[in-house]
Amino acid sequence: MHRRQFLKSGLRAALGVSAASIPSILSPVLPPIYRNPFSSPAHAPNANNPGGLDSLEIGTGPIFQRKMDLSLFPLLAIHAHYLQDPRGAHIALEDGITGFVDAGSAGADNIDDIVAMARAAPQPARILINIGRRGVIGEGDTFELSLANVEACKAAIASNLDYVVGVKARLTAEVTANDREVLRRAQEAASYFKLPVMIHMGQSETPMGELVKLLKPGDIVVHDSPPTTHATVH
Amino acid sequence: MMNEVRLNGSRFDIANGRIDHLRWDTFDAIMTAGFWPDTTSTDGFAASRSVPGVVDLPNILSKLLNFSDMSLSEVVATATVNAAKVFPFLRGKGTLNVGADVDLAILKLREGEFEFLDNYEGVRVGRKRLFPFETIHAYEE
């Protein structure tokens, strides 16, 4: 069976639809389908889905459309670490992630490996380079301030402009020797290329209210709900 | 204060990661104040399924669905159209509009009793849970 025919018949079987009802936007070339290994069989009725998956409509316009208990939309994860493992991008795809950003797994010293993995990812994948030149490390990305090396970061970005989309600064107290200075250096490297900075918040030494004053439009604050005075609301 | 930062163009992501990130009382305070996240992420990595507080992105979206005033479409927006606005390479993605890539997460919204964990062993029971079912993507580069 031709690959396209195989995929198309697989989609019909999975979704329980007739050939005529396969949406036109899926033709003539049907894209690959990734099934979550923990999802129930498509045709199996159960307590939560008495009728099984008996129909599917894919339309245009709204960001998502629902039919029965199905929701359809592209799912984007702007803060992940799927590229720490060669299997990560495929696992993400099984979980519905159709595009993601690896947020600081690698720094200037190991950027090449992670760019190679981003290139190989089945979905669009890009990278935030860690201002700590060794990326995420057990001792703390910038536990020595010298690891936050602006020139090394800028050189790595310049060599990978097609894959680096910003700079990551992890500002947890155990991770960095000086949160303010590390953020300043991250901004210096990112601003040179007009890229955003993503700050990892939580248990930082400097209160979140002070650190966000160092952000520029387009920057991103992640982990805004920790149980400290550093949450966005407390 | 944080609203000023947001008005200045910074984005806030709830980022329910592996440890020390989300606790229900803080989550409640933020949601009660109406400071909804611009985007939702997981800190996801290859072994996230074995981290009870994370599991997958649909699980984190389900927390917002169950324990905030956000509607399903508002929750979904944080991981689709809003996320697509943050980085230029995602522009045009995050929608099912005409001309958009055929990238689809097919999720099942199930009703029942589902446990949701924060990062501090706090357990809540919610009535809805989005489950990843299949993913279709037409991406080529």
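Two residues are in contact if their C-beta atoms, placed from the backbone, lie within 7 Å. The model is predicted: local features need pLDDT of at least 70 and side-chain atom pairs count only at pLDDT 80 or more, while totals for chains, interfaces and linings use all residues. Residues are numbered from 1 along each chain as its sequence is written, and chains are lettered from A and ligands numbered from 1 in the order in which they are written.

**View 1. The contact between chain A and chain B.** Chain A brings 71 residues to the contact and chain B brings 74 residues. On the side of chain A that touches chain B, strand 4 of chain A gives the most, with six residues. Helices (H or I, at least four residues) and strands (E, at least two) are DSSP runs, numbered from the N terminus.

View 2. Seven strands form an open sheet in the order 4(A)-5(A)-6(A)-7(A)-8(A)-9(A)-1(B), with parallel pairing; two strands pair if DSSP finds at least two bridges between them. Strand 4 of chain A and strand 1 of chain B stand at the edges with a single partner strand each, so one side of each has no neighbour in the sheet.

**View 3. Where the sheet passes from chain A to chain B.** Strand 9 of chain A runs parallel to strand 1 (residues 11-13) of chain B, and three bridges join them. Opposite Val221(A) stands Phe12(B).

**View 4. A strand pair within chain A.** Four bridges pair strand 7 (residues 164-170) of chain A with strand 8 (residues 197-200) of chain A in the parallel sense. Here Arg170(A) stands opposite His200(A).
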